[in-house]
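Subject: Structure handover

Hi,

Here is the structure I promised to pass on to you. Have a look at it first, and then read on for what turned up.

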Amino acid sequence: MSTLKEPCWRNDGRAKVTGAARYTDDLKAPGMLHAVPVYTDYVHARLVAVHTDEARRQPGVAAVITARDAPGEVRFGQIIRDYRMLVDDKIRCHGDVVAVVAAGTRAEALAAARLVRVEAEPLPPLLDPEAALRPDAPLVHETHGSNVICTHHVRRGDVEEGFRESEFILEQDFATQFIEHAYLEPESGLAIPRDDGVMEIRGSMQHPYSTRRFTAALLGVPLTEVEVVGTPMGGGFGGKDDTAAIVCARAALAARVTGRPVKMTYDREWSVRESYKRHPYRVHYRMGVGRDGLIKAVQCRVVADGGAYCSVTPWVTWRSTVQCCGPYLVPHVHADIYGVYTNNVFTGAMRGFGSPQINFMIEQLVEMAAERLGLSLLEFRRRNMVRQGATTITGQVLDNHVVSLGHVLDTVVEKLGYEEKLQRCSRGRADGDELYGVGLAISYRGVSLGAEGVDFCSAIVNVQFDGSVLLDVAVHENGQGSEAAMVLILAGELGIPRERIRHRRANTSSIPDGGTTVASRGTVMGGGAVVLAAREVKRKMAAVAGECLGCAPEAIRFVDGRLEGPSGAMPFEQVIREMQQRKQYAYAIGVFQSPTVSWDEATGQGNAYFTWVYGCQGVEVAVSRKTGKVRLLGVVAAHDVGRAVNPALVLGQIYGGVAMGAGYALTEDVLMDGGRIASLNYDSYRIQRATDLPEITAVIVENPDSNSPSGAKSIGEPTNELMAPAVANAVYQATGRRYFRLPIRVEVDHDA
Amino acid sequence: MTLEVNGRRYELSAADLEKPLLQYLREDLDLTGAKNGCGIGVCGACTVLLDGAPVKACRLSLGAVAGRALLTIEGLEGPAGPLPPLQQAFLDAGAIQCGFCTPGMVLTAHAFLLKTPVPTRAQIRRAISANLCRCTGYQQIVDAIEAAAPHYRT
């Protein structure tokens, strides 16, 4: 049964549950054309020519567009401008698009697309990131001069001294797989050339401003000439930034060339083929541990496959760098992290952003260390994990917020009955077919972008003359309930019912660029801006109310739809009418700038994030000795979120992250065959079904954070970075074997 | 040939019969609640009820359903007023995130509860196992269906 104290509320709920919500592909515009991409079967090839004549002559075809038709830049990217929205020189991966066909119907566009002929000279594909690092390796991007996209380091203490102090050194290789976001809605963009000259974009994307940048670049126009309007979108998980923006940009180019609205909707196979994935990591770890049960030193070398384009690889791998020792105190650290170009599908942001890989490894290493020492798994963690006032491996002192790692760990241990269940684990021995195991994992996670980017966001509160309120926030509704959270924060600040507040649909022309809705930063950054805007509106309203009520503005409180002074009160609406008479607007823009962070690239030292969140997940498994199948029996997850603005949706984030994490652990794997993706749809790429998952117990821990004006921190990603190690640890307790590759494929016991 | 959709009868031409049902619903009738998530009948986002049973509209041609009765998400609620209990339960339980799977999920659950008004949670999970959701981990969807079940007991 549901454990909710009160019913969930979200502003877009009714539209979504009745089917009234119009996603991009549900929209039509008068005179609209349909556009489709043209791929080639090359993985790496020099492009000689794209022959479009025959395709252009087909019935219904309005345009066949190649890189030459772009008035602006086909080359773009968030960090390095290496992505070709339409290939102009070289095909660098199997998902590259050489042309776009726009026609009256999708069927006509598809038929013509098959007649686009590509001339190219094949080049040997570079598919192994280790091979790409060799000095004699061919270059994926010649102008970059190297296949190394980025490097990061941590240099702390003296790792050799740490190893000398160690009783033993664990040494282990790990590998993880490409992961598909698998949002239910494939990419779609609708571009409408407006009569005011502006190109209006509706699209399935999680960053309207990024979409605007890509589109303006391709069209060669200023940012003001593109207006991206928020549209319900069917899931993102980090995956609807670059590729989703590029789909919109291509639709806009086709609209510019034809002068007509153009919709470009991807089918699932195109989406999986072209869109970026979570980075596969290959990591070598050395961990030195002392007789006192303390970690003395960690050395690691991380190679992340960035695929054909940079995307946000430097930022993803930076988070891995900061968190490369997990939530543990390590005096001596030597870490080298490389992001590398290959001709594989490119990789970028995905829920977790460089932490799921690392946690899978570290949370197994600490258990291996504990076992070797003869210490309990919990005791070893407790001795080594960060606590209040601790200094992280990057030299950051955790003293500006509540370090609740012990609390979330204790919560899961108790709710799961972990210690008792640990005694019952099979360790490879069972009477029947099923082996039983229990495991857990802990993490800390830096909130928002940290030193990887400039972090600020704005919100506009605009009280209308009837007392209803328009709210505009520069974060995006990705389905997570961001708009509802913003409304609830504002309702709390103004002391009015949430029904009085209308959250405007995102519009890039109405509010300044607030950065992308990634990094679990929506609630902390957007909510911060809402609080600051609300405070300014309240200041203005309190000045008027104070005058009317004969009290100091500071004495006014906003409660129950009224402004209350010490000796009287006015309804919220009456104060607004009074302001109207005085020709004053109850309007404000709030800008929340994240507190200062710092980073030294050479040493990997600095205050990486302005605050942190803490999480723990535990899982029970049954492993079939005959089939190797791992069945999840139960999950307990506890996460400190700062403040839970909309508890039902916080729980939803935890459940959803656990499910996605279970897929990462056990079933999900983008199968690559010579640079071509073999698992292009849900039949071969297995995400979790309702029957794959057990009942999940989610515990929200609240320690409102003074670094966040709303008190709220993050929840989206921390939920998705713990299941793989928890499952790996549980599988170990069940089978007696450790698995260092993802997804975990349990070796079958043929004697069983 | 005719097809009944949400209680209304539509004439089908011979040319219509080859058309995929999902395309007909979304483009000809502008009933866009059924979504195209995979195109191969695996994700369930296109689920509609054919004579009361869940089917994948992306895998059926109009010819295959001619003469029968379809219910889409648009046919489930009245024009205004309170939501039917199942849909209200989805809202209350927090069972909706991106919402792309929601119409198919609701229809599958509706058909299931009509047949199984006293379900166990395991039965609910089996009933929705052909409807994929990437956001919710299904927990609150199961909660919602369980909470709505009493309304299906007459």
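Before the findings, one term: two residues are in contact if their C-beta atoms, placed from the backbone, lie within 7 Å. Please also keep in mind that this is a predicted model.

With that in hand, which residues is A:Val101 in contact with, once its neighbours within four places in sequence are left aside? The list runs A:Ala35, A:Val36, A:Val38, A:Ala55, A:Val61, A:Val64, A:Ala109, A:Ala112, A:Ala113 and A:Val116. A:Val101 also stands out in the largest nonpolar core, where A:Val101, A:Val727 and A:Val731 have the most contacts inside the core. That core has 315 residues. Helix 15 of chain A (residues 522-549) gives the largest share of this core, with 14 residues. As background, nonpolar side chains tend to be buried together in soluble globular proteins.

Now the domains. Chain A is divided into three: domain 1 covers 13-123 + 187-265, domain 2 covers 281-450 + 600-735, and domain 3 covers 456-593. Between the C-alpha centres of domain 1 of chain A and domain 2 of chain A there are 36 Å. Their contact takes 17 residues from domain 1 of chain A and 20 residues from domain 2 of chain A. On the side of domain 1 of chain A that touches domain 2 of chain A, there are six nonpolar, seven polar and four charged residues.

Is A:Thr596 buried or exposed? A:Thr596 counts as exposed because it has 9 C-beta neighbours inside 10 Å, and the cut-off for exposed is 12 or fewer.

Chain B has an open sheet to look at. Five strands form this sheet in the order 2-1-5-3-4, with mixed pairing. At the edges are strand 2 (8-11) and strand 4 (53-56) of chain B, each pairing on one side only. From one strand to the next, the twist averages 35°. Strand 3 (residues 47-50) and strand 5 (residues 69-71) of chain B pair in the antiparallel sense over two bridges, and B:Leu49 has B:Leu71 in strand 5 of chain B as its bridge partner. Helix 4 of chain B (residues 102-115) packs on the sheet and touches strand 3 and strand 4 of chain B. The direction of helix 4 makes about 30° with that of strand 3 of chain B.

Methods: Residues are numbered from 1 along each chain as its sequence is written. Chains are lettered from A and ligands numbered from 1 in the order in which they are written. This is a predicted model: local features need pLDDT of at least 70, side-chain atom pairs count only at pLDDT 80 or more; totals for chains, interfaces and linings use all residues. Domain bounds come from an automatic or database domain assignment. Ala, Val, Leu, Ile, Met, Phe, Trp, Tyr, Cys and Pro count as nonpolar, Asp, Glu, Lys and Arg as charged, and the others, Gly among them, as polar. A residue is buried if 20 or more other C-beta atoms lie within 10 Å of its own, exposed if 12 or fewer, and partly exposed in between; C-beta atoms are placed from the backbone. Two strands pair if DSSP finds at least two bridges between them. Helices (H or I, at least four residues) and strands (E, at least two) are DSSP runs, numbered from the N terminus. Axes are lines fitted to C-alpha atoms, for helices over the stretch in contact, and angles run from 0 to 180 degrees between N-to-C directions. A nonpolar core is a set of buried Ala, Val, Leu, Ile, Met, Phe, Trp, Tyr and Cys residues joined through C-beta atoms within 7 Å.
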